[in-house]
Amino acid sequence: MTTHALLQAFKASKPAFGAWITMPGVLNARAVAQASPHLSWVMIDCEHGLTSLQPGAAESIQAITGLGPNAPSPLVRIPATGFSNSTSWQIKYALDAGARGVLVPMVSTAEKAREIVADSRFPPGGRRGFGSPFTHGVWGINAAEYLKSANENVVIMIQIETKEGVQNVGAIAAVDGIDCLFIGPYDLSLCLGYPPPSPDPHPDVETVIQDILKAAHKEGKKCAIYCTSGKQSLKRAEEGFDIINVTSDIGAMAESVAANLVAAVGGESGAAAFRY
């Protein structure tokens, strides 16, 4: 079977560092995926990014897994929020495309979390339908092997980024089948009435972030967070976060261009103001 770097990081009990893919195209996805041996995963963002679920995410996943045994695990954030009832078919599209995991934004209740688990698991563990002629090939196995192993190997991640989600975080974390609570610090800050992180969140939001981390670990679940720099990511790893986004394609590109131009004109600092 094609390797699953994120699951390998889980088993090794070490932080799983990743990168966000916001720009469309297989060449971009492949370039990000092979940028560093320290990448355990990449997130193809179909919510705020420019990649479509079909055929965009499927093509990007093929490009990433085609890198071979050292490829990071391709994950997909679906476009629909937790306020929508239309997440089921989007989860199906992402997983049928061969994603190693799915991220659902703005999950606010345990009921919604249970629905997501059901949509991500084949019977008897859920209600996911089977029929794609492509999925098992992307995993490097046959259809029977995929049916047997998918429920154990697909990572189910949900975002806690609403006031209601914070209030229900204990019940959400306790839902069987949820693998990870993912903290979106930007929407979380806004929903709680604070400005977005710049680059760090407001102290009151930071308190909530630490509470979510504790709630996840109390139920034996992983906790993830979106960061925008290596320095910030190191701090979160030291705090005990399991899955950490380090940078994004557009953020890294813009920062690199700005830093090199500052150096070219003789500036003392290569730090860019642009972060996303």
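Biologist: Where does Met253 lie?

Modeller: In this predicted model, Met253 lies in helix 13, which covers residues 249-264.

Biologist: Is Met253 buried or exposed, or something in between?

Modeller: Met253 is partly exposed, with a relative accessible area of 44%. Together with Val257 and Leu261, Met253 forms a nonpolar patch on the surface, and the three share about 280 Å² of accessible area.

Biologist: Changing topic to pockets, what volume does the largest pocket have?

Modeller: The volume of the largest pocket is about 290 Å³. Its lining is made up of 15 residues, and those that lie nearest the centre are Ala5, Lys14, Pro37, Leu39 and Ser40.

Biologist: Which helix gives the most to that lining, and how does the lining divide by class?

Modeller: Helix 1, residues 5-11, gives the most to the lining of the largest pocket, with 3 residues. By class, the lining of this pocket holds 8 nonpolar, 6 polar and 1 charged residues.

Biologist: And how many cavities of 30 Å³ or more are there?

Modeller: The structure holds 3 cavities of 30 Å³ or more, and the largest cavity contains about 60 Å³ of space.

Biologist: Which elements supply at least two residues to the lining of the largest cavity?

Modeller: Helix 10 (185-191), strand 7 (222-226) and helix 12 (230-239) each supply at least two residues. Among the residues that line the largest cavity are Pro185, Tyr186, Pro199, Ile225, Tyr226, Gln232 and Arg236. By class, the lining of the largest cavity divides into 8 nonpolar, 2 polar and 1 charged.

Biologist: How many salt bridges does the count come to?

Modeller: The count comes to 9 salt bridges. One of them joins Glu115 and Lys112, with the closest N and O atoms 3.0 Å apart. Glu115 and Lys112 are 3 residues apart in helix 5 (residues 110-120), so about one helical turn separates them.

Biologist: How does burial compare for that pair, buried or exposed?

Modeller: Lys112 is buried, with a relative accessible area of 7%, whereas Glu115 is partly exposed, with a relative accessible area of 23%. Another salt bridge is formed where the side chains of Asp119 and Arg127 meet, at 2.5 Å from N to O, and Asp119 counts as buried at 7% relative accessibility.

Biologist: What is phi for Ser13, and where does Ser13 lie?

Modeller: Ser13 has a positive phi of about 55 degrees although it is not a glycine. Ser13 lies in the loop between helix 1 and strand 1 (16-21), and Ser13 is exposed, with a relative accessible area of 65%.

Biologist: And what about phi of Met106?

Modeller: Phi of Met106 is near 50 degrees, which is again a positive value in a residue other than glycine. Met106 is found in the loop between strand 4 and helix 5, but Met106 is buried, with a relative accessible area of 12%.

Biologist: Last one, where is Ala97 found?

Modeller: Ala97 is found in the loop between helix 4 (87-96) and strand 4 (101-104), and Ala97 is buried, with a relative accessible area of 9%. The C-alpha atoms of Ala97 and Ile61 are separated by 7.2 Å, while the two residues are 36 residues apart along the chain.

Terms used:
Residues numbered from 1 in each chain as written. Predicted model: local features only at pLDDT ≥ 70, side-chain atom pairs only at ≥ 80, totals over all residues. Heavy atoms only, no water. 1 Å grid on protein atoms, 1.4 Å probe; cavity = no way out; pocket = protein on both sides within 12 Å on 5 of 7 lines; lining within 4 Å. Points joined across faces, edges and corners; volume = space filled by probe spheres on them. Helix = DSSP H or I, 4+ residues; strand = E, 2+ residues; numbered from the N terminus. Nonpolar A, V, L, I, M, F, W, Y, C, P; charged D, E, K, R; others polar. Patch = residues over 30% accessible without salt bridge, like charges linked within 9 Å, V, L, I, M, F, W, Y side chains within 5 Å. Areas by Shrake-Rupley, 256 points an atom, 1.4 Å probe, with all protein chains shown as cover. Salt bridge = Lys/Arg side-chain N within 4 Å of Asp/Glu carboxyl O. Buried < 20%, exposed > 50% of the residue type's maximum accessible area, 1.4 Å probe, protein only.
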